[in-house]
Every structure is written in structure tokens, then in C-alpha cells.
Amino acid sequence: MILLDQNNQLYNNDLRAMIMAFYPGVKIVEDTGLSDDFDLRLLIRYEEAFTILTVCKHGHECDKPDDLQEVPELPAYKDKLLISTCGLRAKILADYRNKPEFRNVLKMASYRLLGQFADRRLPWGDLTGVRPTKIAMTKLLEHLAEQTDEAGMNGHDAEEHVDRTHEKQQEIHDRIVQYYRDIYDTSVQKAELATTVAENEHRLVKGIDLDNDYCLYVGIPFCPSRCLYCSFTSYPIGIYAEKAKTYIDTLCKELAYVAEQYKHKRLVAIYIGGGTPTSISHELLAVLLKQIQTVFRLQEPEVADGLVEFTVEAGRPDSITPEKLAVMKEYGVTRISINPQTMNDETLRTIGRAHNAAQVKEAFAMARQAGFDNINMDLIAGLPGEDLHAMKHTLEEIRALAPESLTVHSLAIKRAANLNQQMDDYKSTIHHDMDAMHTAAQETAQALGMEPYYLYRQKNIGGNLENVGYAKPGCECLYNILIMEEMTDIIAAGAGASTKLVYHAENRVERVENCKSVDDYISRFDEMLDRKRKAF
């Protein structure tokens, strides 16, 4: 248990995020009456002219004076931050009420103190939040604007000029990497990763009309079984098989409504996810895909030309059959995912996957035989019982299959997942070399000719690490970028689906949620449409 002892709540979320980065899943309390029952105490006292932070463990004084000095390797914080020689006490020389100036200094101070206490540094430094690449994208656009001003060009000409000048590209890249290092104390590797992802994202979305293009998400909340780490809305298809037809019929009605409302905009990407969409029968899958093709007019040349990709999350290898693959090809699916998560059979049993590594290879071969030439595979770094050696075995197997893209997730301990409820049984089997696993995955992706093109994080990821997507040129998933960066409307249909409406002029995003329960979605369908009707 960690005691967060503060005399002001203004930066409570920032401090909690930093604590969770070092100690994912730990209980954080703010009641000083529990001060006899904590492992670590983070004491913060805000004053107008300065703020004092101290960390200590149970039985030690938190306010013991110590020599304070500037940190040479943090030049961006000169005259703003002093840290004790033991690294457990800090002084911020700024008014805490000035949030834009104060927030970054506080995060760095708490990061350094917690890191000293935990005796480790984090690859992303003190950078928290879901989208660490947003900083690189902002900086990239700023540098492009500078080039525009300097060259006296319009934005398009300036971008072409920069594209032609490798030296200038590298200079911009290096400046952004150094910014991550100076402000957030990230590792070189993570700064390089974030900057490269931003550059690739920027290249991939150049042809997108942010105001008139949109994506469609279709949710199929059924799975063969529930995985240990899963927190998504998902129902066992064995129990819900009879209700699946009613669900698909209801979903088709919602899709018809969406198509009519958005017929004046261009559909650029379709993503069918879940759950596991291929857990339903091939007959029901055909009904769904035919409806999408019909109501969104995918056979019309004008519509087909605008659609960049059509993805189905085939997901579980044990749910893939030749019949389902044939149906997907018939109705224009261009990209599928076959997600082993690991290629170690013992781990697959532990996490509740009802398949083995051999079935992954069989499903992959079936997809190739069916004609799919854009296949993604998902992996999870840090699964219970797995170390770096186990991850390398998985990567060797994936390399032999040679998919077109690879998405590598860090294990996140989600509140609603069974893993969280049973954490006492598994915490001793979860290793802490996830960053080394990510490095190995990056090397495998590079060997397969892939580059990183999107990146995001989730709460409660150990080591404050990331999920990153790699792809061969031309095989990137545009939908992944657009939903993560919130660039266009994402219209979502189905139980548990969340629509995002983007208002660029007002810099805001509105969400329209559907009921999570399959039964509620069906029985309250009119309400689902009404929610969309009001939002549209």
C-alpha cells in the first residue's frame, strides 16, 4: 500500500499515474490515519513560492532535511528543480498555481524520487498518458510550419521540399528525439520509436479528409472462451449461439441506419472487432458482411475507390475455418488478424486460450491458401510464466510465418479482468523484463521488413510501457491510426461499441455509447438508435 499525503488535490491524477507507472495495481490511499500501514509514503507540501516532495518507507521520517542541488542531466529544469543527494527529497522552485509551468516539473520530481526509491528508471521517463506520440506529431507539424515560413511556400510544397531533403528530415527527427530526452527523460530507444511512429502516421494520413472521411467499427461480442487478461465485453459463443442470430439481425438494422446517416461522407476504413468476430458461424458472418456491402454500397466504384481497407479481427485461431475465410474473401475483406498472443502451449493453457501453437500455424496456412496477403498477428509481452526466453521462442515462430504486420502489446492488469481478481495467484509468475521483450519484438519486426506505425498505452501496464504496431510498407492499418489519434469520426455499431464524433474546430470529441450487454442491446435497440440520432 502507498500513502499519498498531500495538502492539495490539484495534481492528484498526475501523481497517481506516476505511482502506478512504478507500481501497477498497487493500492493508493490518502488517509494519513493509515500511516502505520504503508510500504511507501509520498509526501507533498505545496506553498506559493515552492513545493517540497519527499518519499520514505514505513518507520522513517519523510521530512528529514538533506542537501538539495540541481540535476546536471536535466538542463531543461535548471532553476526549477532541486533534488537531494540521496534522491529522496525534491524542491520545486515555482508557484504550484501556475499549472502549465508547474506540472512538468512536478512529474519529473516525483518520477526521480520514486525511481530512486524503486531503484530503477522507466524507459518512457516521466511521460504518462495514452498517446505519447502526440508530442512528436505536434513537434513535427511545428517544424514543418517553420520550413513553410522559411521557404515562403504553402504547406503542401513545404512538405514536398522536406521530403526531398534527407538532411533536413534527419535534423527534424533528431530535434524531436532530443526534446523527449530533455523534457521527459525518456530512453533514446523510446524517443526514437515515438518520433518514427509520428513520422509514419503523418505520411499515412496525408490523403485523409479529416472533416469528410469516417471509419466504421462493428462489434461482435462473442468469443470461444474468455482469456485471463481480457476486460472487453465478451460472451461465450457456446452459451449465446442461439441468441447470435438475433444479435446479428439487430446489428444489421443499426448498420442500415448508420449508412443512411453518413451517405454524404466517404467511408475509408471498416474494422470488425470484438470479442472474436469469427466465433459466429460462417452463415451469420455472411449475413453481416452482405449487409455491410449492401447498405454502404461497397460494390459501387466510387465507394470502393475510397475504401482503403476492410479488416476482420479473426483473432482466435480455433475460430477460423475455410468456410469463414471464403466468406470474408467473397465480401471484400482485405485484412485479417490471427492472434496467437504467444506460441508457448503452456502459457496458452494458463491464459485460457482454447487452442495451441500448432493451430495458429494451421489457421495461418488456411488464410494464405484462401488468398489473404495482409495478415496481422497480435502478441502480448509479459504474460504469466513468460520470460525473455519464452518471448524469443514466440518471435522465432512468428518470423517463420512472416505476417505482413505485427502488433505487440504489454500486459495490462485491467480492473475487470480475471487476472486482476486472481492476481495473488499469478503475480509471482509475471516477470519484469517486458522492455527487453519489446526490444526483441522490434528486432523481429525489422527483420521482417516492418516499421512501427502506431503506438498507444493503457492504464496499469507494468513499467509504463506501450503497445506498438509494426507493418510492411503498404500494409499498415489506417483505422488503428485514425481511432487512436482521434482524427476522424469513428461510427461504431453493436453491443459495447463506442462512437467517437470529432469536432476539429472546437478541439473536442463526443462519445456515443451502446449498451454493453447483448441482451440490453437487443431489447433496447430503439434507445441505441435514439442516442445516435441525437448525436448526429
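Strand S8 (residues 213–220) and strand S11 (residues 266–274) run parallel and are joined by eight bridges, where strands are DSSP runs of E with at least two residues, helices are runs of H or I with at least four, both numbered from the N terminus, and two strands pair if DSSP finds at least two bridges between them. Within this pairing, Tyr214 stands opposite Leu267 in S11. S8 is also joined to strand S18 (residues 489–493) by five bridges, again in the parallel sense, and there the bridge partner of Tyr214 is Asp489.

The model is a predicted one, in which local features need pLDDT of at least 70 and side-chain atom pairs count only at pLDDT 80 or more, while totals for chains, interfaces and linings use all residues. Residues are numbered from 1 along each chain as its sequence is written, and side-chain values use heavy atoms, with hydrogens and water left out.

How many residues of strand S8 are buried? Eight of the eight are, so the strand is largely enclosed by the rest of the structure; buried here means under 20% relative accessible area, exposed means over 50%, and partly exposed lies in between, with a 1.4 Å probe and protein chains only. In a regular strand the side chains alternate between the two faces of the sheet. In S8 both faces are covered, with Asp213, Cys215, Tyr217 and Gly219 buried on one side and Tyr214, Leu216, Val218 and Ile220 buried on the other.

Another part of the structure is an open sheet of seven strands in the order S2-S1-S3-S4-S7-S6-S5, with mixed pairing. Its edge strands, S2 (28–29) and S5 (68–69), each pair on one side only. Strand S1 (residues 2–6) and strand S3 (residues 40–46) pair in the parallel sense over five bridges, and Leu3 stands opposite Arg41 in S3. Helix H2 (residues 99–118) packs on the sheet and touches S3, S4 (51–56), S6 (81–84) and S7 (89–92), contact meaning heavy atoms within 4.5 Å.

A search of the whole structure finds 19 aromatic pairs, that is, rings of Phe, Tyr and Trp (its six-membered ring) with centres within 6.5 Å, called stacked when the planes are under 30 degrees apart, edge-to-face when over 60, and tilted otherwise. The rings of Tyr46 and Phe102 have centres 6.1 Å apart and planes at 55°, so this pair is tilted. It links distant parts of the chain, since Tyr46 is in strand S3 and Phe102 is in helix H2, 56 residues apart. Tyr46 is buried, with a relative accessible area of 4%, and Phe102 is buried as well, at 0%. Elsewhere, ring pairs link Phe222, Tyr240, Tyr247, Tyr521 and Phe525 into a cluster.

A further buried residue is His409, at 15% relative accessibility, which lies in strand S15 (residues 405–410). Its side chain is joined to that of Asp378 by a polar contact of 3.4 Å, meaning a pair of N or O atoms within 3.5 Å in which, within protein, one must be able to donate a hydrogen and the other to accept it, and residues adjacent in sequence count only if both atoms are side-chain atoms.

As for the whole protein, it has 19 helices and 20 strands, and of its 536 residues 53% count as buried.

Methods: Axes fitted to C-alpha atoms, helices over the stretch in contact; angles between N-to-C directions.
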